[in-house]
Amino acid sequence: MSVDEIRPGMVGTGHTVFAGATREPFKAHIIGVLRNVIGPKRDIILARLEGGPNFILRDAGVIQGMSGSPVYIDGRLVGAVSYALGAFPKEAIAGITPIAEMIEDAALATPRSAAGDVPLEFPLTPERVAASLRAAHTRLFGAPMTEAAAAQGLRPIGVPLTLGGFDPRMTDFMRSALSTTAFVPVSAGTATPDARTPAHASDRPFEPGDAIGVAIVTGDLQVGATGTVTHVDGDRVYAFGHPFLNLGPIEFPMTKADVMTVLPSMATSIKIAALGREVGAVTQDRATTIAGRIGAKAAMIPVTMTLSSERGIRRDLEFGIVHDPMLTPLYSYVAVLNTLISYERQSGASTFVLKGAVSVEGQPAVTFDDVVSGDSALPAGAASVAGPLAALLATDRGTARVTGITLDVAARETTATAAIERAWIDALRPRPGDTVPLHVQVRHFRGATETITMPVTIPAHARGRMTLLVSDGAALAEWERRDGRAETPATVADLVRVLNKTPRANRIYVRLVADAPGAVVNGEAMGSLPPSVQSIFTENRAANSTALRQAVLGAWDHRLDVSVHGSRELSFTIDSSR
């Protein structure tokens, strides 16, 4: 039924699930049509809802999770219950998105770009991740609203965000992060058979009024939004009547959902629902609808995570995360942090030894091999996974398709750090070509000292004054940044190489540096250039180069099972008398 046929006083019948998987009818008394209220040529049909089991809409009002509930007049589909009015309404007055607008929006097929997505701010902290989660989920309101809509308190019905396998402390973190958005995190676990649910309900095709889920994380951990199916046309499914995150083209799993109960509230009533089995893929997330196809398959990133503790406990987890420039890094952080919180203590210092890899289609894997230790080890461990994913998926250097993540975490309930205290070499004036022992003394957290010896070979062409930089990963990265050595990757292959070269916290890094000019050309450092070549790069700005004041003649590192901090510099002169 078109909007032009709608008249005040008409009475429609809606369908939604209030418990289990059984659709129940309710009444929709048409109040009128608000023209151009959501945006140009965007109309909303106002209706007063009543009915449901035990007249639940009278007590609960418009319920989060009803988004997409279809409304029919004389057997003809009008649209989807999708908007609510006011903060504390005395009546269940809802906005209905016309079905024609939903179908029209879902026909758009523009490609997805990461340019407008919410970036992660580094270094990652729980506060910064919470801010990014909040920013990502407020995109639900991305559709323009007129002043008239805002004045009437017209807003999309909130979306229950189902969490399964989450520690209560992590649920509280999510709830706090999303407190100013239209999403309400709810611990619901995984859908299980229910006496109220017909035996065939989970196997039958979707029908209008059924509960539907959109998954972000699947498997041993689950995160997803739940709502209601509006319309089914063959294998095509339309739902919600408003955006999920207003991302445009997406590829998220479409699932069945089981509604456990409705929690009535004076502020916001909500359906408590759990995600069920996957039945298709949601491919469009638009201003007036989400839409997808039954039988399609969303390509998830498989994650295999093993957590072992010095207490003898081992947990093997398998879950999948959607392949999305914005949500993959955010929910990888959430998933890893939740796993660490679930099994390891939050109070006191901890140490996590992390090993693993991110598989990238057509490229070498980006590897993890690091140690985080101290009072902030929990979020730092999660950030070590989310950081490379953010760099890979948010890149504009080409398509980086992540095909899998493996992560092995060994946990200790102690601090495992070492400070670089001294560094020295035995030879005062080494000659070109000599291999001299470099001694580095480190002091461990409990006070014990250890001397590490590393062979350092002086290049045959080395002359003059030299400096040995002995440092932790953070100090090396800062030195490279100051000296203009930080590479700017031009391709995905460059990015993978740079990520694998990123200094780690569990290394002692040694650099043999000479006061010989060089340049960074197209992201590659070139040292000790002849003056004639150096002038080409420094004078020709079109050469995409940056001048370097020093040349690195040798690079070494030594891996430890602790987190290293500190730095020292040694200066000496090469004896070139022979």
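In the predicted model, Leu245 has a relative accessible area of 0% and is therefore buried, the cut-off for that class being under 20%. Leu245 lies in the loop that links strand 13 (236-239) to strand 14 (248-263). Its C-alpha atom is separated by 9.0 Å from that of Ala287, although Leu245 and Ala287 are 42 residues apart along the chain.

For the chain as a whole, ten helices and 32 strands were assigned. Of the 578 residues, 53% are buried. When contacts between residues at least 6 apart in sequence are considered, 70% of them join residues at least 24 apart.

Helix 6 spans residues 327-343, a run of 17 residues. The distance from its first C-alpha to its last is 24 Å, close to the 24 Å expected at 1.5 Å a residue. Of these 17 residues, 15 are buried, so helix 6 is largely enclosed by the rest of the structure.

Two packed helices are described by the angle between their axes and the distance between the axes. For helix 6 and helix 7 (residues 377-393), the axes come within 8 Å and cross at roughly 160°. Angles over 145 degrees count as roughly antiparallel, and helix 6 and helix 7 are therefore assigned to that class. The crossing of helix 6 past helix 7 is right-handed. On the side of helix 6, the contact is made by Thr328, Pro329, Ser332, Tyr333, Val336, Leu337, Leu340 and Ile341. Helix 7 contributes Leu378, Pro379, Gly381, Ala382, Ala383, Val385, Ala386, Leu389, Ala390 and Leu393. By class, this contact of helix 6 with helix 7 comprises 15 nonpolar and three polar residues, with no charged residues. An α-helix has 3.6 residues a turn, so residues three or four places apart point the same way.

Helix 7 also packs against helix 9 (residues 492-501), with axes that come within 10 Å and cross at roughly 165°. That angle makes helix 7 roughly antiparallel to helix 9. Helix 7 passes helix 9 in a right-handed crossing. The residues in contact are Pro388, Ala391 and Leu392 of helix 7 and Leu495, Val496 and Leu499 of helix 9. By class, the contact of helix 7 with helix 9 has six nonpolar residues, and neither polar nor charged residues take part.

Key:
Residues are numbered from 1 along each chain as its sequence is written. This is a predicted model: local features need pLDDT of at least 70, side-chain atom pairs count only at pLDDT 80 or more; totals for chains, interfaces and linings use all residues. Side-chain values use heavy atoms; hydrogens and water are left out. Helices (H or I, at least four residues) and strands (E, at least two) are DSSP runs, numbered from the N terminus. The expected span of a helix is 1.5 Å times one less than its number of residues. Buried means under 20% relative accessible area, exposed over 50%, partly exposed in between (1.4 Å probe, protein chains only). Axes are lines fitted to C-alpha atoms, for helices over the stretch in contact, and angles run from 0 to 180 degrees between N-to-C directions. Angles under 35 degrees count as roughly parallel, over 145 as roughly antiparallel, 65 to 115 as roughly perpendicular and the rest as oblique. A crossing is left-handed if the near helix is turned anticlockwise from the far one by less than a right angle, and right-handed if clockwise. Contact means heavy atoms within 4.5 Å. Ala, Val, Leu, Ile, Met, Phe, Trp, Tyr, Cys and Pro count as nonpolar, Asp, Glu, Lys and Arg as charged, and the others, Gly among them, as polar.
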